[in-house]
Amino acid sequence: MPQFKISDQFYIDDEPVKIMSGSIHYFRVHPDDWYQSLYNLKALGFNTVETYIPWNMHEPQKGQFTSEGILDVERFLDLSQELGLYAIVRPSPFICAEWEFGGLPAWLLKENMRVRTSDPTYLQHVDDYYEFLIPKLAKRQLNRGGNILMFQIENEYGSYGEEKEYLRAIKKMMEKRGIDAPFFTSDGPWRATLRAGSLIEDDILPTGNFGSKAQENFKMMQDFFDEYGKKWPLMCMEFWDGWFNRWGEDVIRRDPNELAQSVMDALEIGSVNLYMFHGGTNFGFMNGCSARGQKDLPQVTSYDYDAILDEAGNPSKKFYALQNLMKKRFPELSYSEPLIKEAKAYDKAELKDKVSLFSLIENESDYVSSFYPLNMEEIGQNTGYTLYHTVIEKDKEEEEKLRVIDARDRIKLYADDKLVTTQYQEEIGEDILFTPESNETHLKILVENMGRVNYGHKLTAPTQKKGLGRGVIADLHYIGNWKIYPLPLDNLSKVDFNQEWQEGTPSFYKYHITLDDVKDTYLDMSGFGKGVVFVNNVNIGRFWNKGPILSLYLPHGYLKQGDNEIVVFETEGQFMESITFSEQPVIL
């Protein structure tokens, strides 16, 4: 079997190799589209694919593991090998990746532990996860007939901690399950992060993450190697060729020609993994969140990233600009024309039914009773929405004052099903004034988890626990006697559209379209407020009229010939009688 080793260069069977890799996250791309993405990576002239592995998807509830459908990493790796690509796999417990909680399962939050440390409870959970995952990867190492060259121990750990025993514990867990390929770490290219996050003293290769100034950044890495007397190849494990987007901000773009030249500058010095080659989509509730001071800034559903391939997996201008330079500099490599999928703007999907969330819960017995509100994690819920319901007495004829204490991330408060206020992070805790219409008021609070942070010190902050925290104050006292309805929206079969629809309330809207053919398309959510969309019972992601992207990418794999059902859960009371399709993204 072929052997991969790291010495003064990367070698496969004693032949030096320059790694030209591209990031494709299998969990962000519909399985029907894996082939095109991988083919286009090979067509560019590159030789390796890189992917993270998201722990929170493979173990969504403690002890419940899955690798089916979009999570079939074995199929993804086999397909990449069939196309002649090597693989770099990053199965670290934390991945960042602008992914919900950086890939850590949210259920960790309800246990008394410290993540990303040698805390015994945390390490036991990682060990249980690795018992499921690592054997699937071990048999696909290059020296066992597979295509995996090397494995990451931890991800940008030098931007979080410096506990070497933790890093050694993660490495040991992989080794005891058969990983004998080389390991690496990846961090910022400056000394502080490399020193804190690497295991260079254990002869583990440090790699760097940056998106420009290759000569300057590689020099910092080389200086670090020299300090330890290491003669190793230089590699940028994440060459950022674009960037992610957040709600309410402009779409970030990078000049294709400038990017292509920057990549070539890096390839002159070392090996490169393009982050991202194909970004894909944060389907479901899996978008991450940036931490900025006291405020968290959730990221959008699209992970287009302004990458080499666009969100749908088609070549962008960057693909052609880079391939042209590659052909001139490396004429001996094999190049091909990329595969391109056609998108279609279908006729409108017409509204068939609608029902209010409040009508659905009137006869719903699936709730948790608690005198004080419980947060999302305490009721065993990871993502989505949580509805809190209680009854309060009128204490005076004039306005009553409420305050919601410690809620995350966004709330909508209703008195007798009439909207009183919407509050986001910067408003939560402020006075809420309303005038009761009767002696008893039904108070409902819909809380949305908009995504947990994926990077930095806030991973361990209380703000990552979602829902209502300490509670709600009326006058000067905490309100009690709550019914708590978990709304993970992972199964829409209980949505009874025969119930009443109430204007201006959070509601479900069912649309229908019949298709003769199936192609990629984009749902134009202009005219809707905020919410999430399900196509044939699959959550394809969040929308928000705040922008910058007003559409949702819909891969052809989630559609079918014949009847298709689209259900929109919308929280602002803004909906349309029909949904429009587009051949391309709709940008605000």
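Predicted model: local features only at pLDDT ≥ 70, side-chain atom pairs only at ≥ 80, totals over all residues.
1. Let me start with the salt bridges. How many does the structure hold? The count is 48 salt bridges.

2. The side chains of E111 and K62 form a salt bridge, with an N to O distance of 2.8 Å. This pair links distant parts of the chain, 49 residues apart: E111 sits in the loop between β6 (86-90) and α4 (120-138), and K62 in the loop between α2 (55-58) and α3 (73-82). E111 counts as buried because its relative accessibility is 19%, a value under the 20% cut-off. K62, at 48% relative accessibility, counts as partly exposed.

3. D203 and K230 also meet through their side chains in a salt bridge, here at 2.2 Å, N to O. Again distant parts of the chain are linked: D203 is in the loop between α6 (191-197) and β9, whereas K230 is in the loop between α7 (214-227) and β10 (235-240), 27 residues apart. Is K230 buried or exposed? K230 is buried, its relative accessible area being 18%.

4. In the salt bridge between E437 and K418, the closest N and O atoms are 3.3 Å apart. E437 belongs to the loop between β20 (432-434) and β21 (440-448), while K418 is in strand β19 (residues 418-423), so this pair ties together parts 19 residues apart in sequence. E437 is exposed, with a relative accessible area of 61%, and K418 is partly exposed at 48%.

5. A polar contact to inspect is the one between the side chains of N209 and E156, at 2.9 Å. N209 lies in strand β9 (residues 205-210). This asparagine, N209, is buried, with a relative accessible area of 2%.

6. E393 counts as exposed because its relative accessible area is 61%, and exposed means over 50%.

7. There is a nonpolar surface patch too: F371, Y372 and Y478 make it, and its area is about 330 Å². Y478 is in strand β23 (residues 477-478). With a relative accessible area of 36%, Y478 is partly exposed.

8. The loop between β19 and β20 contains I428 and E430. I428 is buried, at 17% relative accessible area, whereas E430 is partly exposed, at 42%. E430 and V115 are 315 residues apart in sequence, and 32 Å lies between their C-alpha atoms.

9. Now some backbone checks, with this background: most residues other than glycine have a negative phi, and most peptide bonds are trans. Where is a cis peptide bond with omega near 0°? The bond runs from Y275 to M276, and M276 is in strand β11 (residues 271-278). R408 and D409 are likewise joined by a cis peptide bond, with omega about 10°. D409 is placed in the loop between β17 (400-408) and β18 (410-415).

10. Finally, the phi angles. D14 is not a glycine, yet its phi is positive, about 70°. D14 is found in the loop between β2 (10-12) and β3 (15-17), and is exposed, with a relative accessible area of 57%. A97, also not a glycine, has a positive phi of about 60°. A97 lies in the loop between β6 and α4. What is the relative accessible area of A97, and is A97 buried or exposed? The value is 1%, so A97 is buried.

Key:
Residues numbered from 1 in each chain as written. Heavy atoms only, no water. Buried < 20%, exposed > 50% of the residue type's maximum accessible area, 1.4 Å probe, protein only. Helix = DSSP H or I, 4+ residues; strand = E, 2+ residues; numbered from the N terminus. Polar contact = N/O pair within 3.5 Å; in protein donor to acceptor, adjacent residues only side chain to side chain. Salt bridge = Lys/Arg side-chain N within 4 Å of Asp/Glu carboxyl O. Patch = residues over 30% accessible without salt bridge, like charges linked within 9 Å, V, L, I, M, F, W, Y side chains within 5 Å. Areas by Shrake-Rupley, 256 points an atom, 1.4 Å probe, with all protein chains shown as cover.
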